[in-house]
Every structure is written in structure tokens, then in C-alpha cells.
Amino acid sequence: MKEIDVSKFEKKIILRNIEEKDFEDIIKLSSLCFKNMEPWRYEELKSHISVFPEGQFCVEYDGEIIGSCSSLIINFDEYDDQHTWDEITDQGYITNHDPDGYNLYGIEVMVHPDYRRMKIGRRLYEARKELTREWNLKSIIIGGRIPNYYKHADKYTPREYVDEVTMHNIYDPVLTFQVINGFSLKRVNANYLDDDKASMRYATLMEWNNIDYQPSTPKRRFKTSFPVRITTIQYEMKKISSFEDFAVQCEYYTDVAASYQSDFAVFPEIFTLQLLSFLPEKSPSRAIRRLTEFTEDYIELFTTLAVKYNVNIIGGSHYVEEEGKIYNISYLFRRDGTIEKQYKLHVTPNERLFWGIHGGDEVKVFDTDCGKIAIQICYDIEFPELGRIATDKGANIIFSPFCTDDRQGYLRVRYCSQARAIENQVYTVISGTVGNLSDVANMDIQYAQSGIFTPSDFTFPRDGIVGECSPNIETVVVGDVDLEILRRHRRSGSVNQLRDRRDDIYHVVYKQ
């Protein structure tokens, strides 16, 4: 008798994190599991794996997706007990996910109807519990549907129905399952999910407590305040005779920022063009090529200054040659000696005409010891999509080094920077050049009034301005922004632009 090839009988069942290739199957599964309810949308699932990939699970059986669940982390104390599904999920996009929160919130579990006796739901719940233990979270909280309630609504109130199910006098496919899996009832919420007609829009708020939770773990600590001090530098473009002269001027302003114990020192866009004042090259295109020869000296200078003076430096921006192309790049010089860079994405007609500058292709958000920040160089701040993308990636401060020759150009940068602060509930900072370089082509005059801006609400300065320089003189402005106040404002401001976005009718899609 031949040896039996058992492999042909195998049907592999795999529990794993959701990937983009699964989206089509998950959308079909949601349509099948939640009839007469709106299924998941591609952009919502894309947001889930972008924001919190570890919290999205699926079960694959013999190559077919037969179950999935989605979740996010929140600090539940910041939400009203009578919240809705849209509030807790930010309209289904979970961009309110808080990695420093205490609670895992489950927003959906679904199992293919043909596989509901295979304990697929239990596998998904166990995955959530294991995640909760691994991340040392206090509990799992869920807003559970009660899809059989419509059959008993003429006899029981929602609370009475829940009690009957809890005592196993009535079977409910969702609530009964949650009770069996160790969840305890906290309350019943009305108007939880608008299109859940079977539950008559009611939901149970349920909790599973992690008995292994260690409150002493110094992993998350909420502060009463988290001040970040910023010095934005209004830099004068004046004739110099050497790179050493440039270095002296830059070190002076770094020293000023450090003397005020600043966390960030911010220099303006393309302020390194000052180096052209001692180069005898009059052709703009050839002069820019000469300027790029100072790139390594520039990087070495600011790396040294950041470490020496213990301040994070937004190094304005500098023209850099890479593979034959010239880019306008802003560098972040962290005070621990590490370096990041952000390419200018939108090249102005003037840059393209005179210098042949090319645009970058990535919106970056950088981790610092003062939270996440983004850099959007001059013209880039005038494109609102970039501010929204940076905020969705976690940025709390957007720095905009700029260089404008007239008041109109400056006001475009300023007004757009203040608009980004309001619409994205972030802090924004602009830093510009003043003075004249009479012998440098295309850098004849400068106009700037640098400043630090906030959202517009009671918790911030009345005009949304932390501080601003006097226009068109060489100076600095120093100001504090508070990341804890910003966090609270995003939860309970007079208005909440981030949470109140109508993602059901529009959404910014980042193609990277």
C-alpha cells in the first residue's frame, strides 16, 4: 500500500494581520455579514493598516478570508460613555488612534456565515486579548450590536433585553458570544450606529479587563503640560566674504536659541544663498551648481551646532545636487546628532525658471524628543492637502522655512500657515529671510515677518499668535507651545476640525 500523501487533505487556517491585498475580500465579507448596512470602504481599510496595522486581524482558511476584526487604542476616559461608533472611530478611519492610550477598542468583528461553527470569532477575540497583554493595556472595550433585539422590542426595553440575553433566556449572536468570551456589561448606548436597524441603533458597551496589566510600567505618562520652546530666526541676507563668516552668523543665532533653552531653532528657506555673495559667478544656473559644493560643509556645521548647543535645528533649506538634479532640501538636525531631510515638493515658477530646481515626492513626519513634526518649505504650506497628510501621520508642529521677495508672497505663506494651524489643529512656525544681496542674481530683495501660530480657540492666544517678529528686520522671536494643551484641544475644543471631517463624502488620499 502506498504511503498516503496527507498534504492533499490539509486545509490551512491562518490568523494574521490584515494586508492591502485582503481589502477586496474584506469588503465583500462585510457586505455578506452586515446586510442592509454600509460595508467597509477601501480608503477606510487603508487608513486602518496605515494608522494601527497591529490591531487589524483576519483569518484565512484554505486561501479564503473568512473572518476579520478591527480595533484601535484610545484613552477611554477622554470619551463620553454615550459615544457613537462614528465618534469612537473618527468616522471609520481610526485617525484618532492613540498609541499612548490605555484601552483597546474593538470596532468590528465579522465571520463568514458558512464558517460560524469553527470558533473563528474566538480566534479573533483571543488575538485581541494577546495584543492587549503584549501592549500592557488595561482592557478591551467594545460597542456590541444586539442584532436580535428587533424581534423582542415589542416586549422588552433594550436594557431588559440585554438582561435576558445575559441570563441566557434569549440568544443573541453577538451579545451571547461576548458574554461567553468574558466581557462584562458597562451600559447600553442609544444611537450608536445609524444604519444598524436590527439593533434599533442600540449597542452594549462591554469590557474585558486585562488582569496582567501593570500600572507601574513607565510606558505611558500623561503630563499636565508638555511645553516646547521654539526660536524662529528672521535671518538677514548680507554680503559675506567666506563660509566662515556664514558659520559665525549661524552659530550666533543657535547660541541665542540655546540661551533661551529652546527645543527648536528654525532658520529660513535657501538662506545658504548668502554664500553666493563671495562667489564671482553671475549666471544663476551655474551659481546654484557652485552653491551645492558647500553641502557637506553646511551639514557638518549644523550637525555640530545642534549637538554643541543641545537644540534641534530646522536648518532652513539648501540647494543640493543629487544624480545631476538640484533639489531644495530642508534638514532636521536633531540634538542627538541624527539627521533627517524633507524635499520641497512644489517648486515655484521662479525656482524652475532661474535655477532648474526639481521637486521631491514624499511627505515625511519626523520623530523628535518633542513629539512628531513636519517640515513644509515655503510654497508647500500653500497646499492644504500636505498639512492634512502630515497631521494624519501624527505631526503636532509644522515648520515652514520661507523666502519671499514682496509682501504679497509673504502673506500667502503666513495666511496659509495660520489656516493649516486651524484646520489641522496643529502648531505652525514660519521663518523667513530679510535684507538684500545686491550682487546675487534673483535674490535682490526680501520681505518677511516670522512667527509662531496656534489653532484658534479659548485655550490659545487670542489671535492665534504665540509670537511674531517685527517685519523686515534681523531678529528672532521665542515662544512656547504646549503639546498637552493641543492634545486636549483635539478632544474637547469648541470645534473639532479633525474629528468632524466628512470622510463619507471626501478624503485626502496619499499615493505613496
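Trainee: Is the crossing in which H11 passes H12 right-handed or left-handed?
Mentor: Look along the pair: a near helix turned clockwise from the far one by less than a right angle is right-handed, and anticlockwise is left-handed. The helices (H or I, at least four residues) and strands (E, at least two) are DSSP runs, numbered from the N terminus. Here H11 crosses H12 in a way that is right-handed.

Trainee: At what angle do helix H11 and helix H12 pack?
Mentor: This is a predicted model: local features need pLDDT of at least 70, side-chain atom pairs count only at pLDDT 80 or more, and totals for chains, interfaces and linings use all residues. Residues are numbered from 1 along each chain as its sequence is written, and side-chain values use heavy atoms, without hydrogens or water. Axes are lines fitted to C-alpha atoms (for helices, over the stretch in contact), with angles from 0 to 180 degrees between N-to-C directions. With axes 10 Å apart, H11 (residues 384-392) and H12 (residues 407-424) pack at about 45°.

Trainee: How are H11 and H12 oriented to each other?
Mentor: Under 35 degrees is roughly parallel, over 145 roughly antiparallel, 65 to 115 roughly perpendicular, and the rest oblique. The angle here is about 45°. H11 and H12 are therefore oblique.

Trainee: Which residues in H12 do Pro384, Gly387, Arg388 and Thr391 in H11 meet?
Mentor: Contact means heavy atoms within 4.5 Å. Those four residues of H11 meet Arg420, Glu423 and Asn424.

Trainee: How do the residues of the contact of H11 with H12 divide?
Mentor: Ala, Val, Leu, Ile, Met, Phe, Trp, Tyr, Cys and Pro count as nonpolar, Asp, Glu, Lys and Arg as charged, and the others, Gly among them, as polar. Pro384, for instance, belongs to the H11 side. The division is 1 nonpolar, 3 polar and 3 charged.

Trainee: Are H7 and H9 parallel or perpendicular to each other?
Mentor: Helix H7 (residues 243-259) and helix H9 (residues 295-309) pack at about 25°, with axes 10 Å apart. Their crossing is right-handed. At this angle H7 and H9 are therefore roughly parallel.

Trainee: By class, what residues has the contact of H7 with H9?
Mentor: H7 brings residues including Phe243, Phe246 and Ala247, while those from H9 include Leu301, Phe302 and Leu305. The classes are 10 nonpolar, 1 polar and 4 charged.

Trainee: At roughly what angle do helix H1 and helix H2 cross?
Mentor: H1 (residues 23-33) passes H2 (residues 42-51) in a right-handed crossing. Their axes come within 10 Å and cross at roughly 120°. That angle makes H1 oblique to H2, and its value is roughly 120°.

Trainee: How many nonpolar residues has the contact of H1 with H2?
Mentor: Phe23, Ile26 and Ile27 of H1 touch Tyr42, Leu45, Lys46 and Ile49 of H2. The contact has no polar and 1 charged residues, and its nonpolar count is 6.

Trainee: Now the sheet: which are the edge strands?
Mentor: Strands pair if DSSP finds at least two bridges between them. The open sheet has 7 strands in the order E1-E2-E3-E4-E5-E7-E6, with mixed pairing. Each edge strand pairs on one side only, and the two are E1 (13-17) and E6 (184-189).

Trainee: In E7, what is the bridge partner of Asn189?
Mentor: E6 and strand E7 (residues 203-209) pair in the antiparallel sense over 5 bridges. The partner of Asn189 is Ala203.

Trainee: Which helix lies across E1 and E7?
Mentor: This helix (residues 120-134) also lies across E2 (57-61), E3 (64-74), E4 (103-111) and E5 (139-145). Running at about 165° to E4, the helix is H4.
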